[in-house]
Amino acid sequence: MTHTMPSARAAESRAPAAPWLLIGILVLSAFVMILNETILSVALRDLTIDLDISTTTVQWLTSGFLLTMAVVIPTTGFMLERLTPRQVFLASLTAFSLGTLLCAVATGFPMLLAGRIVQACGTAVMLPLLMTTVMRLVPVERRGATMGTITIVIAVAPAIGPTIGGAVLSSLGWRWMFGVVLPLSVAALIVGAILLRLDSETRSVPLDVPSVILSALGFGGVLFGLSGSGDPASQPVPPWASVAVGAISLVLFVWRQLRLQREDRALLDLRPFAHRKFTVSVVLTSVLFMCLIGAATIMLPLYLQSVLHQSTFVTGLAVLPGGLVLGLLGRPVGALFDKVGARPLVIPGAIAMAAALGLFATLGPASPLAEVIGIHVLLMAGLGLMMTPLFTDGLNDLPEQLYSHGSAIMSSLQQVMGALGTTLFVTVATVASVSATAGPDIDGLRAAFLVAGGLGVVGVIVSLFVRKREAVEEPVTA
């Protein structure tokens, strides 16, 4: 906190156009990087055949990416204190580019997974850097619109990942998904190295290594155990043991953070959870990302390919309209939030999300493609009504000194819940499948969508706890 004011003054002394140029570079870089969360979703079936692995194994290319982000994101507060924004940016894009190169030349699943993990390390650092830069450079009265744009990037990139992946996979091969992205990331790295000049002061702060280890063991153990429950015989450790180790590690992680935060040394300060609006927003955002990543970007492409026997290209095109709706809703919903608050937007959004997930469970082998697209658009519209209001309302509820911690918590849980949703739905679909095929059958997929529908109902119930906008909020800035 001690370096915030001098840094802000230094930033304000620069040319007026500089802040928006810097934010533009960061937003475009983040878009390219977050795209990789789900770009492989349409290639899961091809990869199971090409690499001779099971569906529960191949989903770790997505779950492992998200989990790595969840482990790395809490450490970015430490990085942003010790390093300048330019140094963090260069480290982020360099790691992402190296990971992308590793994936493009991968000779097998272990090398491909390693590349995805390196990619995720770079992506995880970019998100908090982008948020911190916006808070430092954008005036308070314009932060809402800017945050809406960033939310679009965070939401739309994974939503259209399958579309881009399908187009590339249909004409080239899965390696070219990374071959196409690599020059974009290198170009962003070069442009950022030249233009990203943001004065900043750094200070020496300690990194609590035990917290990092407990975080990795906690989230990794739970997700690894859940993913292995679909095929216990193939796991080196019984799934229940892995889940137990993960759960114990998470309890110890929380206990350690509660102790360290008394001295302001916590890796992830948990005091934001004392604020009701923030807690409700986090719970709903968690449900939202489980459904967005797990159901919409993983299960739906599997259904389109395995049950409707659509090509990867058609699969990618089928999810494009929903992705576009999600993107187009970003700024209008942000403007409505400024006028009416979160509650009138979040409740209808949660109802639309639950309805769409329930309708997915009614699909079968003879369902028309237009119906699938329509349901997907309804789902994306519901998520679009929820995302920006939840993110902004939750963080607005925090005092200024807890903003960075709240942002880190929300960003971490988004990735963890996306990974958990992927693992949960793939496991349910695999266990419930009648036939032992290369991927889940219609019975397994329907069971997974039913579970997702149940989560949607939970989301509707929790949305009722979103408070109305308080009348005193408006005159505060006057």
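The structure is a predicted model, where local features need pLDDT of at least 70 and side-chain atom pairs count only at pLDDT 80 or more, while totals for chains, interfaces and linings use all residues. Residues are numbered from 1 along each chain as its sequence is written, and side-chain values use heavy atoms, with hydrogens and water left out.

First, the overall picture. The protein has 19 helices and 0 strands. Both are DSSP runs numbered from the N terminus, with helices being H or I of at least four residues and strands being E of at least two. The chain has 478 residues, and 57% of them count as buried. On that word: buried means under 20% relative accessible area, exposed means over 50%, and partly exposed is in between, with a 1.4 Å probe and protein chains only. Now take the contacts between residues at least 6 apart in sequence: 83% of these join residues at least 24 apart.

Let's turn to a helix pair, H16 and H17. Helix H16 covers residues 343-360 and helix H17 covers residues 369-396; they pack at an angle of about 150 degrees, and their axes are 8 Å apart. The axes here are lines fitted to C-alpha atoms, for helices over the stretch in contact, and angles run from 0 to 180 degrees between N-to-C directions. H16 and H17 are therefore roughly antiparallel to each other. The cut-offs are under 35 degrees for roughly parallel, over 145 for roughly antiparallel, 65 to 115 for roughly perpendicular, and oblique for the rest. H16 passes H17 in a left-handed crossing; left-handed means that the near helix is turned anticlockwise from the far one by less than a right angle, and right-handed means clockwise.

Which residues meet there? On the H16 side they include Gly349, Ala352 and Met353, and on the H17 side they include Leu379, Gly382 and Pro389. The contact of H16 with H17 divides into 20 nonpolar, 3 polar and no charged residues. In this scheme Ala, Val, Leu, Ile, Met, Phe, Trp, Tyr, Cys and Pro are nonpolar, Asp, Glu, Lys and Arg are charged, and the others, Gly among them, are polar.

Please zoom in on Gly382, which lies in helix H17. At 0% relative accessibility, Gly382 counts as buried. Leaving out residues up to four places away in sequence, Gly382 touches Gly349, Ala352 and Met353. The C-alpha atoms of Gly382 and Gly349 are 3.9 Å apart, although the two residues are 33 apart in sequence.

Leu336 is partly exposed, with a relative accessible area of 40%. Again leaving out residues up to four places away, Leu336 touches Gly341 and Leu345. Leu336 and Pro389 are 53 residues apart in sequence and 9.0 Å apart in space, C-alpha to C-alpha.

Helix H7 (residues 85-104) packs against helix H10 (residues 175-195) at an angle of about 160 degrees, with the axes 9 Å apart. That makes H7 roughly antiparallel to H10. The crossing of H7 past H10 is left-handed. Among the residues making this contact are Phe89, Leu93 and Phe96 of H7, and Phe178, Leu182 and Leu189 of H10. By class, the contact of H7 with H10 has 14 nonpolar, 6 polar and 2 charged residues.

On to aromatic rings. A pair of aromatic rings is described by the distance of the centres and the angle of the planes. Rings of Phe, Tyr and Trp (its six-membered ring) pair if their centres lie within 6.5 Å; planes under 30 degrees apart count as stacked, over 60 as edge-to-face and the rest as tilted. By this rule there are 2 aromatic pairs. In one of them, the rings of Phe273 and Phe278 have centres 5.6 Å apart and planes at 70 degrees, so the pair is edge-to-face. Phe273 is partly exposed at 34% relative accessible area, whereas Phe278 is buried at 0%.

Finally, some loops. Most residues other than glycine have a negative phi. Asp52 is not a glycine, yet has a positive phi of about 55 degrees. Asp52 sits in the loop between helix H3 (44-50) and helix H4 (55-58), and counts as exposed at 70% relative accessibility. His309 also has a positive phi, near 55 degrees. His309 is in the loop between helix H13 (276-306) and helix H14 (312-318), and is exposed, with a relative accessible area of 63%.

Gln59 and Val426 are 367 residues apart in sequence, and their C-alpha atoms are 7.6 Å apart in space.

Terms used. Contact = heavy atoms within 4.5 Å.
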